[in-house]
Amino acid sequence: MNKPLLGKAALITGSTSGIGLALAHVLAKAGANIMLNGFGDADDIAAMVAKIEGEYGVTARYGAADMTRPGEIAALVGATHAAFGRLDIAIPNAGIQHVSPVEDFPVDKWDAILAINLSSAFHVIRAALPLMKAAGFGRIVNMASAHALVASPYKAAYVAAKHGLAGLTKTVALEVAQSGITCNAICPGYVKTPLVENQITDTARARGISEKAVVTDVILAAQPTKKFVTYDQLGGLLLYLVSDAGASVNGALLSVDGGWTAQ
Ligand code: NAD
């Protein structure tokens with residue numbers, strides 16, 4: 001079995017669902033020990049931890065930090081290092097969405113999206129960098145979005161947060177460039193996760209069209225391939241970025257969007 005990440009340790013925020021959980025499996029399959037994070041039913045999360053350990057023979061842990069709380073985020077980074085004795089890979093991935101015209105955008109949703117989709121990445125990186133610098137190695141991979149590069153109507157907070165995450169990615173990359181650390185962002189197009197499934201309903205309401213029309217005319221209209229991006233496609237890029245071969249890719253905003261942002 002090819003285990004290029006054997007003995008390494010990875011923290012993935014928002015990994016009890018969707019992309020984060022899928023990437024946890026990708027990294028564990030490659031040999032990394034995993035710190036999961038995110039909301040969910042305690043029994044379901046225990047089953048996720050057990051599944052990762054059982055399938056790949058790695059150690060998996062779970063930390064319940066709320067990505068709106070800076071102190072809990074710093075503690076999660078510390079707990080990862082304490083559990084595994086190292087922190088090689090940090091993936092700020094937690095994210096939420098809300099779809100609404102700007103003038104009706106609920107202020108609490110704006111604040112929550114900025115906190116979870118942007119500021120939590122800052123807090124993870126801030127706490128992880130001293131550990132990575134001491135080790136002389138680190139891989140930070142922010143889960144951005146096509147919406148880090150282009151906008152769509154009715155997603156003001158999400159687009160603003162993801163554009164902010166792009167800026168954070170580039171700034172950190174410059175600061176760590178001589179430390180054996182890289183900081184990049186993956187910018188997926190639409191991936192069929194619970195986050196997107198929920199948007200279908202909300203977008204239908206905001207645009208006054210059917211849910212079927214949202215999928216064909218809004219979601220797949222944006223992606224020239226007319227296909228959702230898959231977990232495996234994101235996982236392949238992630239494995240490259242965290243490998244030695246990825247050492248000179250730094251500060252990059254890497255589109256995996258079927259050509260969406262080429263338009
Ligand atoms: P998802 O809803 O399936 O998963 C989101 C995860 O974040 C869950 O584990 C959830 O518990 C966690 N989370 C939410 N709020 C949290 C909080 N306050 N504290 C801790 N954890 C919290 O979503 P997903 O589609 O897998 O999205 C993951 C990331 O990928 C997000 O940053 C999203 O913006 C990005 N993304 C998704 C798509 C897509 O099409 N699905 C496209 C581009 C980018």
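Predicted model: local features only at pLDDT ≥ 70, side-chain atom pairs only at ≥ 80, totals over all residues.
The protein splits into domain 1, which covers 9-189 plus 230-251, and domain 2, which is 191-228. As for who is touching whom, domain 1 puts in 15 residues and domain 2 puts in twelve.

Now the interface itself. Between domain 1 and domain 2 about 1,000 Å² gets buried, and carbon and sulfur atoms account for 64% of that. On the domain 1 side, the residues losing the most area to domain 2 are Val99, Tyr154 and Gly189, and together they make up 36% of what that side buries.

What about salt bridges across the interface of domain 1 and domain 2? The rule finds zero. For polar contacts, we get two residue pairs between the domains. If you're looking for the elements on the domain 1 side, the ones giving two or more residues are helix H1, at 18-29, and helix H8, at 231-242. By class, that side of domain 1 has eight nonpolar residues, six polar and one charged.

Take Ser17: an N or O atom in its side chain is 2.6 Å from a ligand oxygen. Gly14 uses its backbone instead, with a polar atom there 3.4 Å from an oxygen of the ligand. And at Met67, a polar backbone atom lies 2.8 Å from a ligand nitrogen.

Terms used
Residues numbered from 1 in each chain as written. Heavy atoms only, no water. Domains from an automatic or database assignment. Contact = heavy atoms within 4.5 Å. Buried area = accessible area lost by both parts, 1.4 Å probe. Salt bridge = Lys/Arg side-chain N within 4 Å of Asp/Glu carboxyl O. Polar contact = N/O pair within 3.5 Å; in protein donor to acceptor, adjacent residues only side chain to side chain. Helix = DSSP H or I, 4+ residues; strand = E, 2+ residues; numbered from the N terminus. Nonpolar A, V, L, I, M, F, W, Y, C, P; charged D, E, K, R; others polar.
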